[in-house]
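Dear colleague,

Please find below the structure that I am handing over to you, followed by a summary of what was found in it.

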Amino acid sequence: MPSKHPPIPGTTPFDGDQARKGYALNKMCFSFNDEANRKAFVADEEAYMRKYGLNEQQAAAIRAKNVLQLIAAGGNAYYLAKFAGIFKLDMQDIGAQQTGMSKDEFKAMLVAAGK
């Protein structure tokens with residue numbers, strides 16, 4: 001069924017198809033609510049991804065720590081924040097990735113926009 005809304009350039013809407021596509025990825029990221037799971041992931045990322053049945057697109061995006069790739073692979077931003085936190089990535093890191101800027105460039109853009 002086609003979307004009722006026009007596409008927004010540069011975005012991947014999180015709809016039912018994306019939710020089904022990203023189920024394993026989002027389930028894994030949800031598991032990071034538990035500190036023991038975060039430690040298990042850091043200790044052996046590959047084994048942890050296999051435990052949740054990530055497909056190659058999802059696993060490659062996890063290895064790259066690339067939020068846009070994770071979203072394209074079905075990741076939900078709320079669950080991906082759990083993953084980003086393991087690596088001490090904050091919202092400015094994520095915003096920089098989404099805009100193709102360095103973190104410093106992204107911060108400068110935010111400051112300029114606030115003037």
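Lys88 is found in the loop that runs between helix H7 (77-86) and H8; helices (H or I, at least four residues) and strands (E, at least two) are DSSP runs, numbered from the N terminus. Phi of Lys88 is near 60°, a positive value in a residue other than glycine. At 71% relative accessibility, Lys88 counts as exposed, where buried means under 20% relative accessible area, exposed over 50% and partly exposed in between (1.4 Å probe, protein chains only).

Lys65, which is not a glycine either, has a positive phi of about 55°. Lys65 sits in the loop between helix H5 (56-64) and helix H6 (67-72), and with 25% relative accessibility it counts as partly exposed.

A note on the basis of these values: this is a predicted model, in which local features need pLDDT of at least 70, side-chain atom pairs count only at pLDDT 80 or more, and totals for chains, interfaces and linings use all residues. Residues are numbered from 1 along each chain as its sequence is written, and side-chain values use heavy atoms, with hydrogens and water left out.

The mean pLDDT (the predictor's confidence in each residue, from 0 to 100) of the protein chain is 88, and 91% of its residues reach 70 or more. Confidence is highest in helix H4 (residues 45-52), at a mean of 98, and lowest in helix H8 (residues 91-99), at 82.

The protein chain contains nine helices and zero strands. Its C-alpha trace spans about 45 × 40 × 20 Å along the principal axes. Of the 115 residues in the chain, 31% are buried.

One of the buried residues is Asn26, with a relative accessible area of 6%. Asn26 lies in helix H2 (residues 23-31). Apart from neighbours within four places in sequence, Asn26 is in contact (heavy atoms within 4.5 Å) with Phe14, Gly74, Gly75, Asn76 and Tyr79.

The UniProt record, an unreviewed entry, annotates residues 25-110 as "domain: Extradiol ring-cleavage dioxygenase LigAB LigA subunit"; UniProt positions are given in the numbering used here, feature names are shortened, and annotations may be inferred rather than shown by experiment. The span of residues 25-110 is 77% helix and 0% strand, and its end C-alpha atoms lie 30 Å apart.

Yours sincerely
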